[in-house]
Amino acid sequence: MMLRRAIARVNQATLPLRKTSARDQKLIGSYPVPPEAHIWWANRSQVPGGEIKQTFSHFQQKIMWQWLHNMPARWYWRLSAWAWPVGVPCLTMYIFVYKSCEADVEAGIRGKAWYEAASCRMYTALQPGCAQVPEHG
């Protein structure tokens, strides 16, 4: 019983609110319809010629324009909201911790590498700034 009432309510809700008036139903003349229009009407769901011609309605443009137009502002807001709590500490850790460790490792490698000492010995006349590294046995 309840289901029948719900279905009846849905059917009533989908009906038009009022009938079109007789004045608006009246034809205002006859239009020349070519005989091949029947073929076009019968094949209205097919693609004529094999190519698909898509259109972009003004309703779609209105919706998509708002979405595309607001996108930079939304991402700026999201990223700026996370800049201080996440971005700045990560950047600080990268600069002060990771880069200083990388520089220490590089200095350790340069201090122990044989090719660095050899190149300094070969080019002492050309590069007076080379540190003299003692030879390894």
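Colleague: How many salt bridges does the count come to by the rule?

Modeller: The count comes to three salt bridges, where a salt bridge is a side-chain nitrogen of Lys or Arg within 4 Å of a carboxyl oxygen of Asp or Glu. The model is predicted, so local features need pLDDT of at least 70 and side-chain atom pairs count only at pLDDT 80 or more, while totals for chains, interfaces and linings use all residues. Residues are numbered from 1 along each chain as its sequence is written, and side-chain values use heavy atoms, with hydrogens and water left out.

Colleague: What makes the contact of Arg23 and Asp24 a salt bridge?

Modeller: Their side chains meet at 3.5 Å, N to O. The limit is 4 Å, so the pair counts.

Colleague: Why does Arg23 count as exposed?

Modeller: The relative accessibility of Arg23 is 65%. Buried means under 20% relative accessible area, exposed over 50%, and partly exposed in between, with a 1.4 Å probe and protein chains only. Arg23 is therefore exposed, whereas Asp24, at 48%, is partly exposed.

Colleague: Which residue forms a salt bridge with Glu102?

Modeller: Lys99 does, with the closest N and O atoms 3.0 Å apart. Both residues lie in helix H5, three residues apart, about one turn of the helix. Helices are DSSP runs of H or I with at least four residues, and strands are runs of E with at least two, numbered from the N terminus. Glu102 at 37% and Lys99 at 35% are partly exposed.

Colleague: Why are Glu106 and Arg110 said to be separated by about one helical turn?

Modeller: They are four residues apart in helix H5. An α-helix has 3.6 residues a turn, so residues three or four places apart point the same way.

Colleague: What makes Tyr94 and Tyr98 a stacked aromatic pair?

Modeller: By the rule the count comes to one aromatic pair. In that pair, Tyr94 and Tyr98 are 5.5 Å apart centre to centre, with 20° between the planes. Rings of Phe, Tyr and Trp (its six-membered ring) pair if their centres lie within 6.5 Å; planes under 30 degrees apart count as stacked, over 60 as edge-to-face and the rest as tilted. The pair is therefore stacked. Tyr94 and Tyr98 lie four residues apart in helix H5, and both are partly exposed, Tyr94 at 40% and Tyr98 at 45%.

Colleague: How close is the reach of H5 to the expected value?

Modeller: Helix H5, residues 83-112, has 30 residues and reaches 41 Å from first C-alpha to last, close to the expected 44 Å. The expected span is 1.5 Å times one less than the number of residues. H5 has a kink of about 30° centred on Tyr94, the bend being the angle between axes fitted to the seven residues ending at a residue and the seven starting there.

Colleague: Where does the kink in H4 lie?

Modeller: The kink in H4 lies at Met71, shortly before the proline Pro72, and is about 40°. Helix H4, residues 58-81, has 24 residues and reaches 34 Å, close to the 34 Å expected.

Colleague: Why is Phe96 called exposed?

Modeller: Phe96, in helix H5, has a relative accessible area of 60%, and the cut-off is over 50%, so the label follows.
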